[in-house]
Amino acid sequence: MEGPRIEVIGLGKSYAGVTALDGVNLRLGGGGVLAVLGHNGAGKTTLLDILSTRTLPSTGTATVCGYDVVRKPRSVRRRVGVTGQSVAVDDTLSARGNLVLIARLLGARPAAARARAGELIDTFDLADAADRPARTYSGGMRRRLDLAAGLVGDPDVLFLDEPTTGLDPVSRNGLWEIVGRLAENGTTVLLSTQYLEEADRLADEIVVLGMGRVVASGTPDQLKAGIGRRTVTMSFADADTARDAAFVLNNSGMEPLHDQANRTVTAPLHAAGDLADFIRSLDRLEIGIGELTVAEPTLDDVYLALHRTGWRTP
Ligand SMILES: Nc1ncnc2c1ncn2[C@@H]1O[C@H](COP(=O)(O)OP(=O)(O)O)[C@@H](O)[C@H]1O
Ligand SMILES: [Mg+2]
């Protein structure tokens with residue numbers, strides 16, 4: 001397929017008095033995972049609903065697999081799979097019942113529908129519960145069934161709206177593995193999440209949404225580098241030395257954080273020479289440093305920094 005898998009230009013959506021999306025642009029070339037990261041109310045579900053043709057935009061355009069979501073919704077729907085917050089799997093049906101029904105709705109003949117359901121039940125480790133009503137499933141099983149339901153039509157693009165919200169860590173890891181495999185096999189995955197860790201772990205690219213706008217975007221590494229907040233942590237022989245070190249650094253205009261219990265001092269590194277300056281000012285007073293570690297910024301730092309600046313792009 002030529003052209004980008006997903007292209008969004010100037011997308012806006014207003015509900016009576018509420019602006020859910022405001023001039024969103026994004027572009028996703030080939031396969032891989034794009035994470036849309038944002039708090040509750042940021043506009044994630046609205047964006048995914050527009051891209052999967054369940055809501056109309058108020059302004060702007062969006063294409064998925066080259067098809068305009070407003071003018072060619074059926075062509076879009078044939079190529080995408082959707083799972084998430086507002087997509088219903090029928091609780092009274094079993095996993096098999098749901099998957100067969102969806103396959104039939106997508107036009108498969110009965111035998112082919114049963115075969116596809118069987119494949120997905122195996123892939124998603126649902127065999128033991130395949131013929132029980134979905135309402136008896138655990139949270140993790142239910143989420144795997146949701147995901148399987150979105151994949152019945154073997155879509156090019158998969159939309160996942162907060163796929164791991166509320167899941168326990170084991171189920172979450174299981175889901176991450178599945179999503180990673182799908183992306184490796186060429187499916188384009190666009191997922192929304194409130195979890196930095198999830199975006200960092202899964203995404204090739206991240207778009208940070210805040211109040212309906214894209215406030216930052218890039219690879220996880222680019223986002224971290226843009227904030228550039230490396231930190232150094234130094235440990236000291238005893239609590240008094242650590243306190244003295246924090247005092248000295250503070251007097252030098254730095255911003256140390258003193259952890260009394262662990263006898264450590266942590267400080268942000270703003271410029272290239274900061275680390276050498278720290279060491280020199282402690283050395284002058286013959287304060288010996290024990291261990292010294294430098295930590296790269298995490299997405300949490302990015303998120304917090306964006307939040308502090310009122311969602312201005314860095
Ligand atoms: N059907 C609707 N009617 C009115 N306001 C809505 C509707 N859907 C979403 N909103 C509002 O749009 C904003 C974005 O919501 P949403 O896309 O659900 O965000 P998210 O998924 O990131 O939590 C919120 O302020 C929400 O209250
Ligand atoms: Mg949502």
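Guide: Helices are DSSP runs of H or I with at least four residues, strands are runs of E with at least two, and both are numbered from the N terminus. The model is predicted, with local features needing pLDDT of at least 70 and side-chain atom pairs 80 or more, while totals for chains, interfaces and linings use all residues. Residues are numbered from 1 along each chain, chains are lettered from A and ligands numbered from 1 as written, and side-chain values use heavy atoms, without hydrogens and water.

Visitor: How do the axes of helix 3 and helix 5 lie?

Guide: The axes of helix 3 (residues 95-105) and helix 5 (residues 139-151) come within 9 Å and cross at roughly 20 degrees.

Visitor: Why is helix 3 called roughly parallel to helix 5?

Guide: Angles under 35 degrees count as roughly parallel, over 145 as roughly antiparallel, 65 to 115 as roughly perpendicular, and the rest as oblique. The crossing is at roughly 20 degrees, and therefore helix 3 is roughly parallel to helix 5.

Visitor: Which residues of helix 3 and helix 5 meet?

Guide: A95, N98, L99 and I102 of helix 3 are in contact (heavy atoms within 4.5 Å) with L145, A148 and A149 of helix 5. By class, six residues of this contact are nonpolar, one is polar and none is charged.

Visitor: What makes helix 5 and helix 6 roughly parallel?

Guide: Their axes are 9 Å apart and the packing angle is about 15 degrees, so helix 5 counts as roughly parallel to helix 6. On helix 5 the contact is made by G140, R143, R144, L147 and L151, and on helix 6 by S171, L175, I178 and L182. These residues divide into five nonpolar, two polar and two charged.

Visitor: What makes helix 9 oblique to helix 10?

Guide: The axes of helix 9 (residues 239-251) and helix 10 (residues 274-284) come within 10 Å and cross at roughly 120 degrees. That value makes helix 9 oblique to helix 10. A245, V248 and L249 of helix 9 make the contact with F278, S281 and L282 of helix 10.

Methods
Axes fitted to C-alpha atoms, helices over the stretch in contact; angles between N-to-C directions. Nonpolar A, V, L, I, M, F, W, Y, C, P; charged D, E, K, R; others polar.
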